Amino acid sequence: MRSSRSSVSRALGPAALAALLLIPGTAAPAGASGAADSPSLPGMPTTVADGRPCTAGSAKKSAQVPWAQSFLGIDRAWGLSRGAGVKVAVIGTGADLRRVPALDGRVTGGPDVVAGGTVRDDCVGYGTFLAGIVAGGQQQGLEAAGVAPEAEVIAVRATDRHGATTPQALTKGIRAATRTGARIVLVALSVPSAPKELKDAVLAAQKAGALVVAPASAREWESGAGGSQAEKGPAYPAALPGVLAVSSVGPGGKPEAPGTEKGRRSQPRLSAPGVSVVGPGPGGRGQFTGSGDAVAGAFVAGTAALVLSYHPRLTAEQVAHRLESTAYGAVGETPDPGIGLGIVDPVRALSAVLPEERPQPPSGTRRASAPAVPPLDPPEARNRALAVAGGAAGVAVLVAFLAFVLPRGRRRGWRAGRAGGPVTETG
């Protein structure tokens with residue numbers, strides 16, 4: 001056996017052995033332990049208790065690729081679109097526009113409908129975090145970036161200094177966001193009721209051509225404000241007609257276990273990463289981890305910006321339909337209680353040809369029913385499949401090379417053949 005291995009090594013030679021080393025092996029899953037996000041990053045609050053100081057800047061960063069960014073394949077989506085030319089309004093706690101490099105040139109201050117004036121800061125930090133998820137720029141030495149880094153975000157504040165809101169403040173925030181001309185309105189807040197004024201504001205935004213995205217639950221604000229999580233019922237504006245309600249999933253695309261949801265919650269239409277997500281925060285270059293359905297909504301809003309930039313003629317309803325039809329796990333029209341119609345898939349949302357978009361058959365030709373959109377493999381599985389396929393192809397090419405070239409080389413005594421014609425074998 002040893003002599004056999006030795007003869008193979010001599011036959012291959014250094015160049016062939018080097019070629020073997022270049023053949024890719026099976027790719028490690030994106031969520032493997034070596035690529036996990038740093039657990040030491042501070043958490044991003046959704047509210048700040050009355051009398052407490054504003055959220056301090058983070059002194060910590062993680063150079064690793066955030067799990068959510070890898071899971072959604074956002075870097076592959078950038079090959080088609082980066083969200084240029086699309087305006088996204090984020091209605092929340094404001095944004096720190098002076099001290100966060102990830103937001104430079106990407107986020108502008110919109111109206112502060114509670115205190116008046118224009119947004120320039122963010123005591124809580126949650127609005128800063130969400131704006132970074134939508135369109136944050138990639139900083140030197142860091143892999144984290146927003147979903148649509150060339151989109152424009154307008155930060156609208158509809159809370160008090162501590163992050164609390166009301167249906168009336170939210171109504172004003174939605175109307176202010178609509179006046180900015182934003183094509184996507186992320187309502188990153190939730191309230192327990194929807195008076196007529198709030199319903200009218202949402203309808204006006206939709207009539208103006210905006211896609212309204214909202215968190216499916218209100219639990220972050222109920223717990224942060226000291227409210228009771230035992231209260232059940234719908235969350236608004238997620239429960240209103242035409243609003244794209246979003247729920248959160250954790251690493252691997254797992255929704256919360258049944259029975260663990262607390263507080264007000266509406267049926268989600270889509271889901272996206274919303275657990276231990278890495279993003280920027282107030283006060284400087286440091287990073288935070290944030291969670292919640294509003295974080296998931298930021299991923300959906302960013303994906304919608306990618307789609308609108310790539311397909312600028314789509315209406316808001318068509319964008320929502322594309323996001324839902326191409327979601328990972330989309331197998332029917334009945335939403336799952338945990339993830340809705342599926343997990344948003346930026347790559348497929350950009351590139352898929354939907355059944356209704358295929359060329360129409362000639363008149364009189366019998367047309368088969370449109371096939372359902374099959375679910376995609378998760379990004380990790382797709383990477384492993386491509387790596388295995390590439391490795392198999394490399395092995396096949398190398399085997400063919402060895403079978404054809406080496407025997408002829410030995411017969412020629414490794415002398416070069418004559419140029420311009422076939423090799424003459426001597427005997």
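Is Leu323 buried or exposed, and what is its relative accessibility? At 0% relative accessibility, Leu323 counts as buried. Here, buried means under 20% relative accessible area, exposed means over 50%, and partly exposed is in between, using a 1.4 Å probe and protein chains only.

Before going on, a word about the model. This is a predicted model, where local features need pLDDT of at least 70 and side-chain atom pairs count only at pLDDT 80 or more, while totals for chains, interfaces and linings use all residues. Residues are numbered from 1 along each chain as its sequence is written, and side-chain values use heavy atoms, with hydrogens and water left out.

## The whole protein

Let's start with the overall picture. The protein has eleven helices and nine strands. Helices (H or I, at least four residues) and strands (E, at least two) are DSSP runs, numbered from the N terminus. Of the 427 residues, 47% count as buried. Now for contacts, meaning heavy atoms within 4.5 Å. Take the contacts between residues at least 6 apart in sequence: 79% of them join residues at least 24 apart.

Not counting residues up to four places away in sequence, Leu323 touches Leu244, Leu270, Val300, Thr303, Ala304, Val307, Val344 and Ala349.

Next comes Val213, in strand E5 (residues 211-215). Val213 counts as buried because its relative accessibility is 0%. With residues up to four places away in sequence left out, Val213 touches Ile184, Val185, Leu186, Val187, Leu244, Val246, Gly297 and Val300.

Gly297, one of those partners of Val213, is found in helix H8. Gly297 is buried too, with a relative accessible area of 0%. Leaving aside neighbours within four places in sequence, Gly297 is in contact with Leu186, Val213 and Val246.

| Pair | Apart in sequence | C-alpha to C-alpha |
|---|---|---|
| Gly297 and Ala188 | 109 residues | 7.4 Å |
| Val213 and Pro237 | 24 residues | 8.8 Å |
| Leu323 and Val344 | 21 residues | 6.4 Å |

## Two helices that cross

Helix H8 also takes part in a helix pair. Two packed helices are described by the angle between their axes and the distance between the axes. The axes of H4 and H8 (residues 293-310) come within 8 Å and cross at roughly 35°. Axes are lines fitted to C-alpha atoms, for helices over the stretch in contact, and angles run from 0 to 180 degrees between N-to-C directions. The crossing of H4 with H8 is right-handed. A crossing is right-handed if the near helix is turned clockwise from the far one by less than a right angle, and left-handed if anticlockwise.

Which residues make the contact? On the H4 side they are Tyr126, Phe129, Leu130, Ile133 and Val134, and on the H8 side Ala294, Val295, Ala298, Phe299 and Gly302. Sorted by class, that is nine nonpolar, one polar and no charged residues. The classes work like this: Ala, Val, Leu, Ile, Met, Phe, Trp, Tyr, Cys and Pro count as nonpolar, Asp, Glu, Lys and Arg as charged, and the others, Gly among them, as polar. As for cover, ten of the ten residues of H4 are buried.

## Cavities

H4 (126-135) turns up again in the lining of the largest cavity, where H4, helix H2 (67-72) and strand E8 (277-280) each supply at least two residues. On a 1 Å grid over the protein atoms alone, a cavity is a set of points where a 1.4 Å probe fits but cannot get out, and lining residues have an atom within 4 Å of a point. Grid points are joined across faces, edges and corners, and a volume is the space filled by probe spheres set on the points.

How many cavities of 30 Å³ or more are there? The count comes to three. Of its 25 lining residues, the closest to the centre are Ala144, Ala145, Gly279, Pro280 and Gln287. E8 gives the most to this lining, with four residues. By class, the lining divides into 15 nonpolar, nine polar and one charged.

## Two loop details

The peptide bond from Tyr236 to Pro237 is cis, with omega near 10°. Pro237 lies in the loop between helix H7 (219-224) and strand E6 (244-249).

Ser276 is in the loop between strand E7 (270-273) and E8. Its phi is near 50°, a positive value in a residue other than glycine. Ser276 counts as partly exposed because its relative accessibility is 38%.

Terms used
1 Å grid on protein atoms, 1.4 Å probe; cavity = no way out; pocket = protein on both sides within 12 Å on 5 of 7 lines; lining within 4 Å.
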